[in-house]
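Here is a short briefing to read alongside your viewer. Please keep the structure open as you go through the points.

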Amino acid sequence: MVTVAVAIAGSEATGGAGAQTDLKTFHKLGTFGAVALTCIVSFDPKDNWNHLFVPVDPGVIRQQIDAITAVHEPDTVKLGMLGTVATIDAVAEKLGEREWKNVVVDPVLICKGQQPGAALDTDNALKEKILPYATVVTPNVFEATQLSGIEVVDLDSLKEAAKLIHEKLGVPYVVAKGGAVLPGGDAVDVLYDGENFTEYREPKIGERYISGAGCTLAAAITAELAKGADIHGAVQVAKDTVTEAIRNRVTDLPTPFDEVYQG
Ligand code: PXL
């Protein structure tokens, strides 16, 4: 029988990040992907590739989730960009209506181009209404700093932040991504499972920012959990998958970033 993996995520039109990348990653790892779109992001070629952001009507988000759950009865979902408090409310309501075995939350905080004033509200709503449903959360350095309240500057503080997020916000598994941001030759991500830390490291690749790496990692964890992997195995496969997608990245774009490719 086919294994279904669900993403509740935003569209990033150029195909590097968001729902497009979630689907490619689900497919790559042998799962059947379904998506409920939360918002539509267009990088603006006339404005330094800033993000143009349009939320999907909360009623339409509910309808999409209802369709997916009625057709597939999935038990594993990834949450990507939500973007507004109204979206968070709709998604939280739907998450609460049925049992999910694995809820992987990529806590994408506000993106460029949204109203800065909305950031705090969205962050707080994510913490209060979405993270209680999370079984896994995958913050990057910036998000780990925001969620833990301590500034992440190196591997030790990344680990400390992961532990604090587990303890303060009650998320069973925290995958804190140092990625290419922290000092050192390796891109190091850390899993805190409530007792132990596991490090996943690979040599850093290239010099440019790569769009879609975080989405790929969280989507790959989701696909593996949907197939029945345990969390340590899922994060290892996800690290391998994102490293390969970075190696195969799309380069020579007019943007100041490259884009991951899972092909
Ligand atoms: O990579 C984070 C991300 C997630 N979701 C959407 C995005 C982005 C970044 O551009 O546009 C829809």
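Where is the place of histidine 166? Histidine 166 sits in helix H6, where helices (H or I, at least four residues) and strands (E, at least two) are DSSP runs numbered from the N terminus. Please note that this is a predicted model, in which local features need pLDDT of at least 70 and side-chain atom pairs count only at pLDDT 80 or more, while totals for chains, interfaces and linings use all residues. Residues are numbered from 1 along each chain as its sequence is written, and side-chain values use heavy atoms, with hydrogens and water left out.

- Helix H6 covers residues 155-169, 15 residues in all, and spans 21 Å from its first C-alpha to its last. That is close to the 21 Å expected at 1.5 Å a residue, the expectation being 1.5 Å times one less than the number of residues.
- Buried residues of H6 include Ser157, Leu158, Lys159 and His166; buried means under 20% relative accessible area, with a 1.4 Å probe and protein chains only.
- Among the elements covering those buried residues are helix H5 (141-148), strand E7 (173-177) and strand E8 (186-192).
- The side chain of histidine 166 reaches the backbone oxygen of valine 171 at 2.9 Å.
- Leaving aside residues up to four places away in sequence, histidine 166 touches Val171, Pro172, Val174, Tyr192 and Gly194, a contact being heavy atoms within 4.5 Å.
- Just after H6, glycine 170 has a positive phi of about 70 degrees.

**Helix H5**

- Six of the eight residues of H5 are buried, so this helix is largely enclosed by the rest of the structure.
- The buried residues are Val141, Glu143, Ala144, Thr145, Leu147 and Ser148, and their cover includes helix H4 (118-130), H6 and E7.
- At the start of H5, a side-chain oxygen of asparagine 140 comes to within 3.1 Å of the backbone nitrogen of phenylalanine 142.
- Glycine 149 follows H5, and its phi is positive, near 85 degrees.

**The ligand and its shell**

- Around the ligand are Gly10, Ser11, Glu12, Ala17, Gly18, Val41, Phe43, His51, Met81 and Cys215, each with a heavy atom within 4 Å of it.
- Taken alone, the ligand exposes 310 Å², and the protein buries 86% of that; these areas come from the Shrake-Rupley method with a 1.4 Å probe.
- Strand E1 (4-12) and strand E2 (32-44) each supply at least two residues of this shell, and E1 gives the largest share, three residues.
- The shell divides into five nonpolar, four polar and one charged residue.

Conventions. Buried means under 20% relative accessible area, exposed over 50%, partly exposed in between (1.4 Å probe, protein chains only). A polar contact is a pair of N or O atoms within 3.5 Å; within protein, one must be able to donate a hydrogen and the other to accept it, and residues adjacent in sequence count only if both atoms are side-chain atoms. Ala, Val, Leu, Ile, Met, Phe, Trp, Tyr, Cys and Pro count as nonpolar, Asp, Glu, Lys and Arg as charged, and the others, Gly among them, as polar.
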